[in-house]
Amino acid sequence: MAAATSERDGGLLVVAAAVLWGTTGTAQALGPDGASSIVVGASRNVVGALVLVAVAALRRRLGDPRALPRRALLLGAGATAAYQLCFFGGVRLAGVAIGTVVGVGSGPVWGGLLGWLGRGERPSRRWLVATALALGGAALLATSQADDGGRVDLLGVVLALGAGLSYAAFALWSKDLTEEHDPDVAMTWVFVTSAVVLLPVGLVAGAGPLVSGSGLAMVLWLGVVSLAASYLLFGRGIRGVPVATATTLSLAEPLTAAALGVVVLDEGLSAQAVTGMALVFAALAALALHPSMTRRRPPPPDL
């Protein structure tokens, strides 16, 4: 069993990981125009997995994937693959600031629903209020005007919501993996497994635009920094904090993304979009003040 991580240190590690995640949308926007979201997401996962394997091999901590719980490993890898596709698609269509805020802001809401449906955890009133705020904010964002006067792409918002669901599922199953196993080993094999799924998808979508200076720079940043480095931090951090707290601490990601979107990419936001983002942030703040979102009851039998 791996050494324990304190809640304070675990929280700081999760926040550091979230800041690195917050750079992904801007990196995609600064990359080559011809690269599809599918290729970007797949390449990030594949490069990141290769880096994780190399680091683990050098440290002689590659481990044996057969020792990991197979169900949690496969589900975590599936959630990771889905996140790559949903997130980059949502950010490309809805914008970096809006796509990231909706994706991460919906994470705790999805986490509460997963806990309710899958583990018999009854949502608290605070969670219900936070959910109402987040849904209201997402609705405002989905119907707001973009900086060019048109409507924010509804499909982009839907994909961002799918990214939030995928992240909540990933956090849930990562907790199962890292409680009894080395977090570096667990994160490495989760991403290796998801890379096996995404590699053929990326090849079919066409990786030609990545063979350029800006394309290679984007892929290296996304794979090495925003995935390999960040998830090594996250894998260590999630051991010390509850899943609900981890999703709430991810507030650092949309804060980073929104700041980069406005300052670096000059994304304009309408008053309605700002109001929607404020509601999502309010939902996250409500959960951060009291991370325990559920009242536990005995879980249903494992059939």
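Which residue meets Arg-61 in a salt bridge? In this predicted model, where local features need pLDDT of at least 70, side-chain atom pairs count only at pLDDT 80 or more, and totals for chains, interfaces and linings use all residues, the partner is Asp-182, with N and O of the two side chains 2.1 Å apart. Residues are numbered from 1 along each chain as its sequence is written, and side-chain values use heavy atoms, with hydrogens and water left out.

A salt bridge here is a side-chain nitrogen of Lys or Arg within 4 Å of a carboxyl oxygen of Asp or Glu, and a search of the whole structure gives two of them. Helices are DSSP runs (H or I, at least four residues), numbered from the N terminus. Arg-61 is partly exposed, at 29% relative accessible area; buried means under 20%, exposed over 50%, and partly exposed in between, using a 1.4 Å probe and protein chains only. Arg-66 also takes part in a salt bridge, with Asp-64, and their closest N and O atoms are 3.2 Å apart. Arg-66 is exposed at 74%, while Asp-64 is partly exposed at 33%.

Next comes helix H8. Of its 25 residues, 18 are buried, so H8 is largely enclosed by the rest of the structure. At the start of H8, a side-chain oxygen of Asp-153 comes within 2.9 Å of the backbone nitrogen of Leu-155.

Two residues in other helices complete the picture. Ala-134 belongs to helix H7 (residues 125-142) and is buried, at 9% relative accessible area. Beyond its neighbours within four places in sequence, Ala-134 is in contact (heavy atoms within 4.5 Å) with Gly-105, Val-109, Leu-279, Val-280 and Ala-283. The C-alpha atoms of Ala-134 and Gly-105 are 6.9 Å apart, although 29 residues separate the two along the chain. Ser-230, in helix H10 (residues 213-237), is buried at 0% relative accessibility. A polar atom of the Ser-230 side chain lies 2.6 Å from the backbone oxygen of Ser-226. With neighbours within four places again left aside, Ser-230 has contacts with Ala-17, Leu-20, Trp-21 and Val-225.

Notes. Polar contact = N/O pair within 3.5 Å; in protein donor to acceptor, adjacent residues only side chain to side chain.
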